[in-house]
Every structure is written in structure tokens, then in C-alpha cells.
Amino acid sequence: MTFFNAIKSTTNQSLDILEGHRITVKREDLIHKVVSGNKFRKLRYNFEDYLLNDKVSVLTFGGAFSNHLAATAYAGKMCKIPTIGIVRGEEWENKVEGSRTLNFCRSQGMDLRFVSRAVYREKEKGSLIKELQSKMRNLAVLPEGGTNELAVKGCEEILTEADQQFDAICCCIGTGGTMAGLVNSTLNQQFVLGFNALNNPEVSKTIKAFTQKENWSVFSNYTFGGYAKVSEELIVFMNNFYQQYKIPLDPIYTGKMLFGIFDLIKSKQWSWGKNILVIHSGGLQGIEPMNLQLKKKRLPLLHYGE
Ligand SMILES: *Cc1c(COP(=O)(O)O)cnc(C)c1O
């Protein structure tokens, strides 16, 4: 029994009919207010495995705004397994206060280690892990973004039997683990559209590694220039979306996906059926840091509230 058992299926919220298309949002973001919904799904069976195998600590990786780092720190605290976070960018060492994410990780007891971008790039094959593993007995290493077989298994629990009525399922893509899990739990006649949040042409390979099914496709037209890049048009869309539906979107993943879905429908390029389920995977802790960036660039801010 772990705290993950408390995470059950989440609610579906209907939006208006958009040009004949019925859009429903699955509120995975409501699983936790800081930690992304899909990250809990991805961690569940990994942490259960650590507890079962007496792993003494868990090491993982991420940038200064990584939802995955925050989720791992929190899960570690809840499961009483110490966590180590390898953070990209040595410059963050002296300005943890400047990152809400890193602050949160530290407050959960995560041991943060800062490395240069060069060391970070080699993190999986470099000497960094070997050195730590030789020093620490039973150290588990979780890949960046948390995607592995057990993560995909957790994401297979996002869809329920009631969701078999939908023609299309939409999700965001970082590493592709969430999408693979969703695909595995669909019927063959359903179609899964994944919206890439970064320019990552290799992601289809990752998804193929975790699913045998072929009822899916990756869309990379709505990356807005790359990971965490935004435009004024996107911010305006997200603010309007909130005004209309009272659903906050995050600027890195779900905002871009919903922009893409609305754009495909409005430009009459949508051809995946009229009953659409959108997975809101969370990421809302990224709003505050994004507003700081937007302020610096003199762009409109994200306004959620009132
Ligand atoms: C991490 C994250 C994703 C991407 O999940 P992957 O399994 O890495 O593709 C999507 N949405 C949000 C909000 C996330 O934090």
C-alpha cells in the first residue's frame, strides 16, 4: 500500500461543441496541485518496485523547471525513499531560490546536484552515475522524464472503460511514455494524437518501443519553436481558454496541445472523429516561472483567476 493507491480515475469535463466536435477534458491535473498528473502515473509502479526491492535511494535528472524532478521529490518523500536530483546547469547551484521547482524539490528533501550541460548530456553513459552507484548501495536510477516500462504501465490506467466511447484521444508528448500507455489502453478503432512539446524527431521510436499498436500519430506542428518557447498568440489563446472554460493550461505542454486541437478543427483539417477526449496532464507549476519570463520579454502574462 503506497500513497499512489489514492490516485483513482479523474473526472471528465465537457467543453462546448466546437464546429460539430464534442471536446471533453480529462482532468489529470487535479491529481495534485504542484506535481503533474501524468508524472504520478509514471512513478507509481517504479516506486512500488523500489519499495519491494529495498532500494535505498532514487536518482533522477531534470532541468530547473522539470515537472518530473518535482514529482520524484514528492513521491520520494511520501514513500520515505531519499531522492537525488541531477540538475542541468551549474549556474543553478547558487540560485535555487530563483526556481520554484528546485525550491520545491529541496523542501521535499531531494539532494540536488548541479552539473554542467556537457556532463548532463553524457549523464546516462558518463562516469557520474557509476561513481554514485559505487558509493551508494541499492541506488535506483530513473531515466530523464521517468519513461520506462513501469511508467508506461502506470499511464495505461489513465483511460477507463467509459472512455471507450471517444473517437480520438489527445495527449502531450515530452518523452512519449504517457502516449505509449494511452495507446496501449485504447481500442483499435480509437485514434491517439500526440502533440509534441519540443522538436524531438526521435520520439516516435520511443513510443514504438513501448507499444505494438498502430492507431496513433505524432504532431509536431505546434511546438512554437521548441521546449518552453511561447508566442503572444499562444498566451492569448490560453487566457481566452481559461476565461471560457475555467480550466488552467500550462505553457509548456497542455496549452500547445489545445491550441493545436482548436487550430486543426477550425481550419477543417481535423479528421479523427467528432467525439474527442483531451488528457490534461497537469504541469501547472510551470505557470509562475513562465510569467517571470514573459514579464522580462514584455509579453502578456498568463491570467488565471477571478
Ligand atoms: C512531463 C509532461 C508531459 C510529457 O510526458 P511524457 O510521458 O514525457 O511524454 C506532458 N504533460 C505534462 C504536463 C508534463 O509535465
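How many nonpolar, polar and charged residues does the shell around the ligand have? By class, this shell has three nonpolar, eleven polar and two charged residues. Here Ala, Val, Leu, Ile, Met, Phe, Trp, Tyr, Cys and Pro count as nonpolar, Asp, Glu, Lys and Arg as charged, and the others, Gly among them, as polar.

## Basis of the report

The model is predicted: local features need pLDDT of at least 70, side-chain atom pairs count only at pLDDT 80 or more, and totals for chains, interfaces and linings use all residues. Residues are numbered from 1 along each chain as its sequence is written, and side-chain values use heavy atoms, with hydrogens and water left out.

## The ligand and its shell

The ligand is surrounded by 16 residues, of which the closest are Lys-39, Lys-42, Thr-175, Thr-178 and Ser-281; a residue is near a molecule if one of its heavy atoms lies within 4 Å of it. Helix H1 (37-52), strand S7 (168-173) and helix H7 (177-184) each contribute at least two residues to the shell, and H1 gives the most, with three residues. Helices (H or I, at least four residues) and strands (E, at least two) are DSSP runs, numbered from the N terminus.

An oxygen atom of the ligand is 2.6 Å from an N or O atom in the side chain of Thr-175. For Thr-178, the distance from a side-chain N or O atom to a ligand oxygen is 2.6 Å, and for Asn-67 the corresponding distance is 2.7 Å. Taken alone, the ligand exposes 390 Å², and the protein buries 98% of that (accessible areas come from the Shrake-Rupley method with a 1.4 Å probe).

## Salt bridges

Side chains of opposite charge can pair when their charged atoms come close. The structure holds 14 salt bridges, each defined as a side-chain nitrogen of Lys or Arg within 4 Å of a carboxyl oxygen of Asp or Glu. One of them joins Arg-27 and Asp-29, with the closest N and O atoms 2.9 Å apart. Both Arg-27 and Asp-29 are buried (buried means under 20% relative accessible area, exposed over 50%, partly exposed in between, with a 1.4 Å probe and protein chains only).

A salt bridge also forms between Glu-288 and Arg-100, whose closest N and O atoms are 3.4 Å apart. Glu-288 lies in helix H11 (residues 287-296) and Arg-100 in helix H3 (residues 100-107), so this pair ties together parts that are 188 residues apart in sequence. Glu-288 is partly exposed at 48% relative accessible area, and Arg-100 is partly exposed at 37%.

## Aromatic pairs

The count comes to 20 aromatic pairs. Rings of Phe, Tyr and Trp (its six-membered ring) pair if their centres lie within 6.5 Å; planes under 30 degrees apart count as stacked, over 60 as edge-to-face and the rest as tilted. Phe-4 and Phe-40 form an edge-to-face pair, 6.0 Å centre to centre with 80 degrees between the planes. Phe-4 lies in the segment before strand S1 (12-18) and Phe-40 in helix H1, so the pair ties together parts that are 36 residues apart in sequence. Both Phe-4 and Phe-40 are buried.

Tyr-242 and Tyr-304 form a tilted pair, 4.9 Å centre to centre with 40 degrees between the planes. Tyr-242 counts as buried at 12% relative accessibility, whereas Tyr-304 counts as partly exposed at 22%. Ring pairs also link a cluster whose members include Phe-195, Phe-219, Tyr-222, Trp-270 and Trp-272.

How values were computed: A polar contact is a pair of N or O atoms within 3.5 Å; within protein, one must be able to donate a hydrogen and the other to accept it, and residues adjacent in sequence count only if both atoms are side-chain atoms.
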